[in-house]
Amino acid sequence: MTISQLKQSERQNGVFSRQRFLDYCLGRAELAERLITIFTEGLPKDLLDIQEAVEAGDVPRIAKLAHRLKGASASMCAEKLSTAAATLERSARASDTDQIAAGWLVVEKEVSALLQALRHP
Amino acid sequence: MKMLIVDDEPISLQILGSFLTALGYEFEVATDGREALEKMRHFSPSIVISDVEMPHMDGVSLCREIRRQRSIQYTYVILVTCRSEHESLLMGLDAGADDYLSKPISLEELRLRINVAKRLLSLEGREMMIFSLAKLAESRDDDTGEHLERVREISKLLATELSYHPKFAEVIDGQFIQLIYLTSPLHDIGKVGVPDKILNKEGKLTPEEFETMKEHTRIGGETLRASAQAYSEASFLWMAYEIAINHHERWDGNGYPNKLSGEQIPLSARIVSVADVYDALRSKRVYKPAFSHEKSVGIILEGKGTQFDPDVVDAFVKLESMVREISETHQELPRGSEVAPRMEPTLPDQTTLA
């Protein structure tokens with residue numbers, strides 16, 4: 001798969017598009033890279049915090065952390081992760097433990113995919 | 001134009017800050033509602049762009065607090081939500097937010113929303129100009145105080161209360177309330193046409209002088225009507241005209257200039273009439289002392305159904321403690337200072353401008 005095909009694939013599957021994000025940042029490469037760095041460095045901790053909250057059954061904290069992840073990933077144009085976080089947040093607010101567990105797995109998967117996309121442009 | 005952006009999430013702050021810089025706006029940053037309020041103690045942003053969910057104080061609470069605080073200038077509030085947060089959006093609008101943006105914010109949408117804000121803020125400039133004109137008209141007599149401030153606050157209070165009355169629910173909406181607040185200060189603008197010797201006369205007016213004085217309603221009304229006809233898109237001028245020409249009419253038809261009665265008198269004028277008379281009663285005049293709040297309320301009640309619309313009086317009595325608070329908050333000189341304003345509203349059981 002060529003790089004352009006990979007980027008096309010990224011756009012299509014909604015994980016992350018570096019070019020689209022660069023466009024969103026008004027073509028300012030240094031801004032785009034700074035934001036990607038901030039986001040990438042913070043994601044593992046965000047994920048760990050959510051995991052701890054899920055394991056502790058702390059539903060309000062799950063909702064709060066999922067909300068925060070939803071907003072940050074929306075700002076990064078990472079639509080799939082934002083959608084997954086939104087679903088987890090809704091499940092937490094509804095105190096639906098089965099859906100929380102399922103939602104958490106989806107969030108984990110999307111974070112992994114996003115980190116992959118971000119670290120391998 | 002200065003802005004304040006509020007978000008606890010660093011990515012969103014960076015993006016929004018970069019966009020505002022690209023659009024040429026200055027801004028300050030806060031990471032939650034509490035910090036935002038603290039910053040607003042030291043500078044007055046024209047626009048606040050705030051995320052909804054934040055620690056310590058969220059965006060909805062911040063908006064509510066901004067609206068609660070009296071401020072010299074209006075602060076336009078834009079809330080930033082994620083697309084799925086419809087309920088938060090409704091709460092924010094109910095708390096007084098003016099607009100919203102959804103993440104991810106686009107530069108073009110941000111630019112257009114700020115343009116909307118700038119248009120609305122320029123309308124606020126109109127309000128200041130209108131009030132300045134009213135103050136100028138008022139400055140020719142000795143009363144240079146806060147009569148206009150009190151009248152408009154009381155008028156707004158009464159209109160808001162009456163908006164819940166089944167009889168007026170369809171007439172009094174948010175726009176009506178805003179307009180009565182904006183235009184009630186113009187009620188005596190016609191005094192610019194009354195000669196100084198009558199306007200500032202300390203003794204009792206002769207019958208001829210009184211007739212001249214009464215003309216201030218026609219002068220003010222006709223001036224405003226001409227403006228309303230010339231600028232038909234300026235709907236506020238029509239209410240200003242209604243109030244200026246009719247605020248001395250009486251419910252029983254014994255007022256002036258046209259001896260209108262009952263609901264022939266526009267509701268706006270019926271409301272301002274009560275506010276204006278109450279404030280006159282609470283002020284000292286050359287022929288009377290300043291009356292206490294209790295006595296003034298009693299006199300207004302005596303005028304129910306004769307001088308005043310009974311429903312407006314009922315609303316006034318229901319809110320009399322709040323009216324009192326307005327009266328005692330907006331004071332220029334100690335209440336009871338000697339003034340001789342000639343644009344005296346007709347006080348119940350008194351000869352006008354005696």
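Where in chain A is A:Leu26 found? It is in the loop between helix H2 (18-24) and H3 of chain A. I will come back to that residue. First, a word on what we are looking at. This is a predicted model.

So let's begin with confidence. The mean pLDDT of chain A is 85. Of its residues, 88% reach 70 or more. Where is confidence in chain A lowest, and where is it highest? The lowest is helix H1, residues 3-13 of chain A, at a mean of 48. The highest is helix H5, residues 79-93 of chain A, at 93. Look at the start of the chain, too. Over residues 1-7 of chain A, the pLDDT is below 50. Beyond near neighbours in sequence, that stretch has three contacts in the model.

Now back to A:Leu26. Its phi is near 60 degrees. That is a positive value in a residue other than glycine. A:Leu26 has 14 C-beta neighbours inside 10 Å, so it counts as partly exposed.

A:Ser95 also has a positive phi, near 55 degrees, and again the residue is not glycine. Its place is the loop between H5 and helix H6 (97-119) of chain A. Is A:Ser95 buried or partly exposed? It is partly exposed, because 13 other C-beta atoms lie within 10 Å.

Step back into H5 of chain A, and you find A:Ser82. This one is buried, because 25 other C-beta atoms lie within 10 Å. The cut-off for buried is 20 or more. What does A:Ser82 touch, leaving out residues up to four places away in sequence? The answer is A:Lys70, A:Ser73 and A:Ala74.

Next, the meeting of the two chains. On chain A, 16 residues are in contact with 14 residues of chain B. Two helices of chain A, H3 (29-56) and H4 (59-75), each supply at least two residues of the side that touches chain B. Which element gives the most to that side of chain A? H4(A) does, with seven residues. Sort that side of chain A by class, and you get eleven nonpolar, three polar and two charged residues.

On to chain B. How many helices and strands does chain B have? There are 14 helices and five strands. Chain B has 354 residues, and buried residues make up 42% of them. Now take the contacts in chain B with a separation of 6 or more. Residues 24 or more positions apart account for 67% of those.

The strands come together in a sheet. Five strands of chain B form an open sheet, in the order S2-S1-S3-S4-S5. The pairing is parallel. At the edges are strand S2 (26-30) and strand S5 (99-102) of chain B, and each pairs on one side only. From one strand to the next, the twist averages 20 degrees.

Let's zoom in on one pair. Strand S1, residues 2-6 of chain B, pairs with strand S3, residues 47-51 of chain B, over four bridges. Which residue in S3(B) is the bridge partner of B:Leu4? That is B:Val48.

Helices come in here as well. Helix H2 of chain B, residues 33-40, packs on the sheet. H2 of chain B touches S1, S2 and S3 of chain B. Its direction makes about 160 degrees with that of S1(B).

Then there is helix H3 of chain B, residues 59-68. Its buried residues are B:Gly59, B:Val60, B:Leu62, B:Cys63, B:Arg64 and B:Ile66. What covers them? The cover includes S1, H2, S3, strand S4 (76-81) and helix H4 (86-94) of chain B.

Last topic: cis peptide bonds. The bond from B:Lys103 to B:Pro104 is cis, with omega near -5 degrees. B:Pro104 has its place in the loop between S5 and helix H5 (107-138) of chain B. The bond from B:Tyr256 to B:Pro257 is cis too, with omega near 10 degrees. Find B:Pro257 in the loop between helix H10 (236-246) and helix H11 (267-282) of chain B.

Conventions. Residues numbered from 1 in each chain as written. Chains lettered and ligands numbered in written order. Predicted model: local features only at pLDDT ≥ 70, side-chain atom pairs only at ≥ 80, totals over all residues. Contact = placed C-beta atoms within 7 Å. Nonpolar A, V, L, I, M, F, W, Y, C, P; charged D, E, K, R; others polar. pLDDT = per-residue confidence, 0-100. Pairing = 2+ DSSP bridges. Axes fitted to C-alpha atoms, helices over the stretch in contact; angles between N-to-C directions. Buried ≥ 20, exposed ≤ 12 C-beta atoms within 10 Å, placed from the backbone.
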